[in-house]
Amino acid sequence: MMMHTQYRQIVRASAIYDLVVTAPFATPWTFAVIYQLLNTIAPIPPFEPTHVLFVNLFGSIVLVWSILRIRDPQAVYGFYDSIGRALFSIWFFYYLIRYDINPVTWIFAVLELSWFVIQAYGFIRLSKQTV
């Protein structure tokens, strides 16, 4: 049986993963570094300032969401995070299949899907215990 503390550890672990993975996207300077790195693995089209703005907005809000879950990994946050990860997974796979975008994206897609399954399954198990 999944205990509440175990699920909190899962929520915190997913938040730490998000913090590490999205921190480079939060500022124009860190994004320039990660862009160069990803571009050496597989070519990425040039980004206009508007694209970078949206990348930085995405990175910033995910950092805030990550810090909240690290500091207070409530089960309900894990539930909502799993919904967000389901949406991210849908869009990752849609663009990968429909537009054959940068193959590095497969790594992000699989990790998002994995965190979705782990958190959603954990939340369902936890909910059955508390009913």
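Buried means under 20% relative accessible area, exposed over 50%, and partly exposed in between, with a 1.4 Å probe and protein chains only. The model is predicted: local features need pLDDT of at least 70, side-chain atom pairs count only at pLDDT 80 or more, and totals for chains, interfaces and linings use all residues. Residues are numbered from 1 along each chain as its sequence is written, and side-chain values use heavy atoms, with hydrogens and water left out.

**Exercise 1. Describe the overall fold.**

Step 1. Helices (H or I, at least four residues) and strands (E, at least two) are DSSP runs, numbered from the N terminus. The protein has five helices and zero strands, in the order α-α-α-α-α from the N terminus on.

Step 2. Along the principal axes, the C-alpha atoms fill a box of roughly 50 × 30 × 20 Å.

Step 3. Of the 131 residues, 34% count as buried. Contact means heavy atoms within 4.5 Å. Among contacts between residues at least 6 apart in sequence, 73% join residues at least 24 apart.

**Exercise 2. Characterise the largest pocket.**

Step 1. On a 1 Å grid over the protein atoms alone, a pocket is an open set of points with protein on both sides within 12 Å along at least five of seven lines, and lining residues have an atom within 4 Å of a point. The largest pocket holds about 1000 Å³ of space, a volume being the space filled by probe spheres set on the points.

Step 2. The lining has 30 residues, and Phe25, Phe58, Phe92, Thr105 and Phe108 are the closest to the centre.

Step 3. Helices 1 to 5 each supply at least two lining residues, and helix 4 gives the largest share, eight residues.

Step 4. By type, the lining divides into 22 nonpolar, four polar and four charged residues. Here Ala, Val, Leu, Ile, Met, Phe, Trp, Tyr, Cys and Pro count as nonpolar, Asp, Glu, Lys and Arg as charged, and the others, Gly among them, as polar.

**Exercise 3. Classify two aromatic pairs.**

Step 1. Rings of Phe, Tyr and Trp (its six-membered ring) pair if their centres lie within 6.5 Å; planes under 30 degrees apart count as stacked, over 60 as edge-to-face and the rest as tilted. The whole structure has 18 aromatic pairs.

Step 2. Phe25 and Phe31 have ring centres 6.0 Å apart and planes at 40°, so this pair is tilted. Phe25 is buried at 13% relative accessible area, and Phe31 is buried at 7%.

Step 3. Tyr95 and Tyr99 have ring centres 5.4 Å apart and planes at 25°, so this pair is stacked. Both lie in helix 4, four residues apart, about one turn of the helix. Tyr95 is partly exposed at 39% relative accessibility, as is Tyr99 at 44%.

Step 4. One aromatic cluster is formed by Phe25, Phe31, Tyr35, Phe47, Phe58, Phe88, Phe92 and Phe108.

Conventions. 1 Å grid on protein atoms, 1.4 Å probe; cavity = no way out; pocket = protein on both sides within 12 Å on 5 of 7 lines; lining within 4 Å.
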